[in-house]
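I kept these notes while looking through a structure that was new to me. They run in the order of my look-ups.

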Amino acid sequence: MFGLVVRFTCKDEASADAFDRLVADTIEAIRRDEPGTIVYAAHRVDGRPLQRIFYELYADRAAFDAHEATGHTKHFLAAREELLASVEVDWLELTSGKGATP
């Protein structure tokens, strides 16, 4: 398995609303077109209205690379730039878990 956690900070409330709409459209395409994407979850952060966190798990690195190559992901990556103040990415290395094998 291959995973990452991404923290996005939006510029303002209007940007956060637009980001949420962009994410909703993108996730629909991920559900429909990406069998190697196991989990792609977008979260709001309690008490921090401009922050969003994504938790992403892929079958393997090749599935992640396939995700990055899709048109919907390329659109998301380009469109999000004007909405965000910052992006932080943590790459994950699985050591143990339920429903997962390292």
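**Ground rules.** I am working with a predicted model, in which local features need pLDDT of at least 70 and side-chain atom pairs count only at pLDDT 80 or more, while totals for chains, interfaces and linings use all residues. Residues are numbered from 1 along each chain as its sequence is written, and side-chain values use heavy atoms, with hydrogens and water left out.

**Entry 1, α1 and α3.** I looked up how helix α1 (residues 13-33) lies against helix α3 (residues 71-80): their axes come within 10 Å and cross at roughly 165°. That makes α1 roughly antiparallel to α3. Angles under 35 degrees count as roughly parallel, over 145 as roughly antiparallel, 65 to 115 as roughly perpendicular and the rest as oblique. The axes are lines fitted to C-alpha atoms, for helices over the stretch in contact, and the angles run from 0 to 180 degrees between N-to-C directions. Helices (H or I, at least four residues) and strands (E, at least two) are DSSP runs, numbered from the N terminus.

Next I listed the residues that touch, where contact means heavy atoms within 4.5 Å. From α1 I noted Phe 19, Leu 22, Val 23, Thr 26, Ala 29, Ile 30 and Asp 33, which meet His 72, His 75, Phe 76, Ala 79 and Arg 80 of α3. Sorted by class, the contact of α1 with α3 holds seven nonpolar, three polar and two charged residues. Ala, Val, Leu, Ile, Met, Phe, Trp, Tyr, Cys and Pro count as nonpolar, Asp, Glu, Lys and Arg as charged, and the others, Gly among them, as polar.

How do α2 and α3 pack? I find an angle of about 65° between them, with their axes 5 Å apart. That makes α2 roughly perpendicular to α3. His 67, Glu 68 and Ala 69 of α2 meet Gly 71, Thr 73, Lys 74 and Leu 77 of α3. This contact of α2 with α3 divides into two nonpolar, three polar and two charged residues.

I searched the whole structure and got eleven aromatic pairs. Rings of Phe, Tyr and Trp (its six-membered ring) pair if their centres lie within 6.5 Å; planes under 30 degrees apart count as stacked, over 60 as edge-to-face and the rest as tilted. Phe 8 and Phe 19 have ring centres 5.0 Å apart and planes at 50°, so I logged the pair as tilted. Phe 8 is in strand β1 (residues 2-10) and Phe 19 in helix α1, so the pair ties together parts eleven residues apart in sequence.

Buried means under 20% relative accessible area, exposed over 50%, and partly exposed in between (1.4 Å probe, protein chains only). Phe 8 counts as buried at 1% relative accessibility, and Phe 19 is buried with a relative accessible area of 1%.

The rings of Tyr 58 and Phe 64 have centres 5.3 Å apart and planes at 75°, so this pair is edge-to-face. Both Tyr 58 and Phe 64 are buried. I also noted one aromatic cluster, formed by Phe 8, Phe 19, Tyr 40, Phe 54 and Phe 76.

Thr 70 sits in the loop between α2 (61-69) and α3. Is Thr 70 buried or exposed? At 16% relative accessibility, Thr 70 counts as buried.

I found His 43 in strand β2 (residues 37-45), and at 39% relative accessibility His 43 counts as partly exposed. Neighbours within four places in sequence aside, His 43 is in contact with Gln 51, Arg 52, Ile 53 and Tyr 55.
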